[in-house]
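Subject: Handover of a structural model

Dear colleague,

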Amino acid sequence: MITHMRSPGRSERDPSAVRIGVLVPLSPPGWVEAGRHLLAGLELAADEVNDGGGMDGRPLVLLVRDTVADPRRAAAAVDELARLGVAALAGEYHSVVARSAAARADALGLPFLCSSAVLDALTDRPTYRVARLCPAQSHGWRIYADHLLDAGHRRVAVAAQSSVYWAAGTRLLRDHLAPHGGSVAELDMGLLDPTAVCDELVRLRTTALLLLTGHPEPAVSIVRAVRRDQRLADVLVGAPAGQPELPSWAALLGGDGSGVPFLRYLPERLGALGTRVEAALRERLGEAPSFVAFEGYDTIAVLADVLRSQGTDRARIAASWPPVVVEGSRGEIRFSRTPGVGVWQWAWPPVQVVDRDPAEPDRFRILRNG
């Protein structure tokens with residue numbers, strides 16, 4: 001198990017420390033860049049808690065485990081962190097990994113606040129122990145589908161890899177577009193290379209191709225192939241899962257990576273807290289923070305509030321999601337039970353459809369607020 005200690009030293013051995021277990025992807029095949037941003041937000045909020053006196057004088061310590069985007073490794077990490085006495089579990093970016101962690105945490109009676117995994121069915125059964133900050137996939141992806149419809153796209157194809165998350169996204173898009181005369185053709189990336197994808201787009205007379213694939217590959221190769229195929233000059237390339245949000249997208253694709261609409265979970269304008277957090281994250285990361293970094297910050301902000309009121313008893317923490325009212329970096333956070341979602345859900349964080357400006361790829365354009 002790969003481990004990462006937030007602040008090595010006395011506080012981690014301090015018997016009075018309040019410990020939170022953290023799951024993040026920090027090694028391939030996990031999306032390492034997303035994991036780095038998520039961890040930066042988690043650590044910033046924890047540092048602020050400790051700079052302010054900790055948890056009633058007790059240091060707040062993050063015990064970080066690298067999931068490597070592996071569900072089995074995540075489940076093993078949950079077991080280890082539970083044995084180490086963490087009061088709660090936080091984090092994770094990949095939906096399939098978070099699903100594994102949530103199931104194991106629920107079985108162990110360990111409260112889990114999921115930061116970034118959007119899969120609606122985060123657990124097989126309803127549970128009061130798990131809460132989530134990011135919007136459910138069905139909420140965000142319907143907003144994205146409305147954007148496609150308003151832009152006139154009804155012949156849509158998805159370049160999809162095999163995954164519960166991508167399959168759920170394909171189903172959501174198909175169900176939302178069909179009543180409006182739209183269709184979704186699925187291109188299996190286990191069988192097709194980028195050149196074959198281009199040929200299929202021509203054959204299907206597709207007007208929009210959505211990347212339901214991992215980053216950087218095969219997403220980057222698909223974008224390059226489509227951009228260089230003159231037959232597809234008018235085809236929109238989209239990425240609802242947010243691959244273009246992080247700087248590596250622009251670094252790898254340059255201008256080819258602009259004009260690709262994706263979902264992100266930020267308000268149109270940050271308030272005073274969000275503006276301060278953005279500046280601190282930028283300094284910590286050495287680059288503009290993604291929405292994933294804000295999700296990490298808000299995760300610890302919520303858990304710190306809960307721990308102050310409930311202490312470290314796991315059962316009390318798990319029962320405390322309903323009364324939560326916390327000012328987060330992106331708005332006021334409250335949890336509720338949402339139809340079709342078996343965990344406590346912030347309904348809803350701000351949702352945007354954005355892209356990188358073709359005239360200035362480092363600048364984002366807001367195309368739709370949800």
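This is a predicted model: local features need pLDDT of at least 70, side-chain atom pairs count only at pLDDT 80 or more; totals for chains, interfaces and linings use all residues.

Residues are numbered from 1 along each chain as its sequence is written, and side-chain values use heavy atoms, with hydrogens and water left out.

Pockets

The search ran on a 1 Å grid over the protein atoms alone; a pocket is an open set of points with protein on both sides within 12 Å along at least five of seven lines, and a lining residue has an atom within 4 Å of a point. Grid points are joined across faces, edges and corners, and a volume is the space filled by probe spheres set on the points. Helices (H or I, at least four residues) and strands (E, at least two) are DSSP runs, numbered from the N terminus.

The largest pocket has a volume of about 750 Å³. Its lining comprises 33 residues, and W31, Y93, H94, W166 and G214 lie nearest the centre. At least two lining residues come from each of helix 2 (32-51), helix 4 (95-108), helix 6 (164-177) and helix 9 (247-253); helix 4 gives the most, with 3 residues. By class, the lining of the largest pocket has 20 nonpolar, 12 polar and 1 charged residues. In this scheme Ala, Val, Leu, Ile, Met, Phe, Trp, Tyr, Cys and Pro count as nonpolar, Asp, Glu, Lys and Arg as charged, and the others, Gly among them, as polar.

For the second largest pocket the volume is about 250 Å³. It is lined by 15 residues, with R264, L266, P267, L270 and E278 nearest its centre. Helix 10 (272-285) and strand 17 (360-369) each supply at least two residues of this lining, and helix 10 gives the most, with 3 residues. The lining of the second largest pocket divides into 8 nonpolar, 2 polar and 5 charged residues.

Helix 3 (residues 71-83) has 13 residues and reaches 19 Å from its first C-alpha to its last, close to the 18 Å expected at 1.5 Å a residue. The expected span is 1.5 Å times one less than the number of residues. At the N-terminal end, D70 caps helix 3, with a side-chain oxygen 2.9 Å from the backbone nitrogen of R72. Just after helix 3, G85 takes a positive phi of about 85 degrees.

Buried means under 20% relative accessible area, exposed over 50%, and partly exposed in between (1.4 Å probe, protein chains only). The buried residues of helix 3 are A74, A75, A77, V78, E80, L81 and A82. Their cover includes strand 2 (18-24), strand 3 (60-66), strand 4 (88-91), helix 4 and helix 12 (314-318).

Helix 4 has 14 residues and reaches 20 Å from its first C-alpha to its last, close to the 20 Å expected at 1.5 Å a residue. In helix 4, S95, V97, A98, S100, A101, A102, A105 and D106 are buried. These buried residues pack against strand 2, helix 3, strand 4, strand 5 (112-114), strand 6 (130-132) and helix 6. G109 follows helix 4 and has a positive phi, near 75 degrees.

Loop residues

T67 lies in the loop between strand 3 and helix 3 and counts as buried because its relative accessibility is 1%. Contact means heavy atoms within 4.5 Å. Leaving aside neighbours within four places in sequence, T67 is in contact with L23, V24, P25, R73, A74, E92 and V97. The side chains of T67 and E92 also make a polar contact (3.1 Å). A polar contact is a pair of N or O atoms within 3.5 Å; within protein, one must be able to donate a hydrogen and the other to accept it, and residues adjacent in sequence count only if both atoms are side-chain atoms.

E268 lies in the loop between strand 11 (262-264) and helix 10. It counts as partly exposed because its relative accessibility is 49%. Beyond neighbours within four places in sequence, E268 is in contact with Q352, I366 and N369, and a polar contact of 3.5 Å joins the side chains of E268 and N369.

V118, in the loop between strand 5 and strand 6, is buried, with a relative accessible area of 5%. Not counting residues up to four places away in sequence, V118 touches S95, R132, C134, P135, A136, Q137, Y165 and Y265.

With kind regards

How values were computed. On a 1 Å grid over the protein atoms alone, a cavity is a set of points where a 1.4 Å probe fits but cannot get out, and a pocket is an open set with protein on both sides within 12 Å along at least five of seven lines; lining residues have an atom within 4 Å of a point.
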